[in-house]
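Here's a structure to explore together. Take a look at the sequence and the 3D view first, and then we'll walk through a few parts of it.

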Amino acid sequence: MNGFNDRDGTLYADNVSLETIAKEVGTPCYVYAASEIRSQYSALRSAVEKALPADRQPLLCYACKANSNIAVLKLLQSLGSGLEIVSEGELRRGLKAGFAPEKIVSTGVGKQRSEIEACLEAGIHQFNIESLPELERIAEIAARMGKIAPVVFRLNPDISGGGHHKISTGRKRDKFGLSAERIFEAFRIAEKLNSIKALGLSLHIGSQVFTVETFKTAFEKLPALVGELRAEGFAIERLDIGGGFPIIYKDEKLLDLDSYAQWVADIILPLGTEIIMEPGRYMVGNAGVLLSEVLYVKETQDRTFLVLDAAMNDLIRPTLYDAWHGVEAVSNRGAPVRTYDIVGPVCETGDTFATERTLPDMQSGDLAVIKSAGAYGFCMASNYNTRPLPAEVLVDGDRFAVIRKRQSYEDILEKETIPDWLE
Ligand code: LLP
C-alpha cells in the first residue's frame, strides 16, 4: 500500500502506523512517505518522456526550498533529479546529498557574495540572474576566481501565475526577473564580460499554477524573444521554464501534466535548446503530514476547539496564505463526527489550522494529521514562542527513520549569550 492509507480505521504511512511513529518519535512531527515522492517524480518523468524525444529530455531540478531535508534530497537525487537552490545552505545540503554540481541551478534575487563564490567553486550548471547589478557582481567574482560563470537571464513575463498573491512571481510589479528590454541589455553587457557565458533564459511565474493556459501564455512569450535575441547574435542554448506545478489541498482541479508536457513539446522544443524545469511542491507536498496530538478539547459557548500540540510555528501556511489543509484523525476514524476549530498553543488567534471541520469525536491524547504538509512545511518552521522545531520522519514501505531529530531546548538556548555588562 502506497502513501497515506486507512487500515481498519487507523491511518498508515505506507505500511507503518502513524500511532507507532507518534509513540516512538513523539509529536509534533512531520512524516513523509517515500513511495509518494517516488510516484510524483515518475509521473512527471513519464509525462515528459511521452511528449519529448529521448535526446531532448528536460533536466528536472527539484526546487528544494519546498523540503530540503537531506534524506528527501537523497531520495530525489537517487531518482535522477537535479536541484534548484536559492542559498548557500541549500547548495551545501544538495552537495551533501550527492547531487552532481552540473545538475544544480542557482536562483533568487539576492545572491550573496559568499553564495556566488560557493556556487562557482562547486561548478554548478548555471546562475539564473535577476538583475543587472547581480550580473556585474557575478562577473566580478568569477573574474577574481579565474572562472567563467554560466548564466541565464530570468524573464519577468508580466503574468499573474500563482495560487495566492504572495506566491505569484511573474507580474511586472514583482521583484523577480527582468523585462524583455532589460534582457537585451543584459546580453549586450554579458557579451563584453570574459568571466560570463550567457546561455539562455529562465522563467518562473509562480506557485500553485492551476491552469495549463497560464503556463502556455508565459511560454508563448519565449519564441519571439528567443528569435529576436538570436537575430542580434546571442546564443540561446538553454531555457529554464521554472516550477509551479500544483497539488491538491482540497478539491482543486489538478493541472493536466500531459497537456503541460505537450505544450512544452509544441512551444519550447522547437527552439532547440536544453530544457530545465524546477518543480518543488509537486514532488513532496502530498507526501507529507504533520502528525500531532490533541492536548485539549476546549468547549466554549460558540465553538469546540481542538487544541493540538502543533502550532503555526510548525506549519505557517494556513495563517500566512490562508491555505486550506485537510485535517484527519489518526485512529477511530469511523467514530461519529463533531465540528471543530483546530488550533495550536501559540498566543495568537492566527494560530488556527482550520475552522469548522468535521472529525470523528476526539479526546485529549488522540492523534490528528494536517495533510499535504510535505512542501513548505518544516522548512518554513520557526522557534516562535521558543518551541523546538519538530522531528521529521521518512517512511519507506515497512521501514521508517527519524531524518531530523526534534530540536532540544539546549539547541535553541546555546546560541544566545548575555553580555558581561548585564551580568
Ligand atoms: N523555481 C523558482 C525560481 C521558485 O521561486 C520556486 C518557488 C520554484 C521553482 C518552485 O515552485 P513550486 O514548484 O514549489 O511551486 N511558501 C509558499 C511557496 C513559495 C514558492 C517560492 N518559489 C507556499 O507555501 O505556498
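Let's begin with a pair of strands in this predicted model. Strand E4, residues 29–33, pairs with strand E13, residues 288–299, and the two run antiparallel, joined by four bridges. To find one of these spots, look for cysteine 29, whose bridge partner in E13 is leucine 291.

E13 and E14 make a hairpin, with four residues between them. On this pairing, glutamate 299 has threonine 304 of E14 as its bridge partner.

While you're looking at strands, keep one thing in mind: side chains in a regular strand alternate between the two faces of the sheet.

Now let's move to a loop. Between strand E5 (59–63) and helix H3 (70–79) you'll find asparagine 67. Is asparagine 67 buried or exposed? Its relative accessible area is 3%, so asparagine 67 counts as buried, the cut-off for that being under 20%.

What does the side chain of asparagine 67 reach? It gets to the backbone oxygen of glycine 374, at 3.0 Å. Leaving aside residues up to four places away in sequence, asparagine 67 also touches several others, including Tyr32, Tyr62, Val284, Cys379 and Glu392.

Technical notes:
Residues numbered from 1 in each chain as written. Predicted model: local features only at pLDDT ≥ 70, side-chain atom pairs only at ≥ 80, totals over all residues. Heavy atoms only, no water. Pairing = 2+ DSSP bridges. Buried < 20%, exposed > 50% of the residue type's maximum accessible area, 1.4 Å probe, protein only. Polar contact = N/O pair within 3.5 Å; in protein donor to acceptor, adjacent residues only side chain to side chain. Contact = heavy atoms within 4.5 Å.
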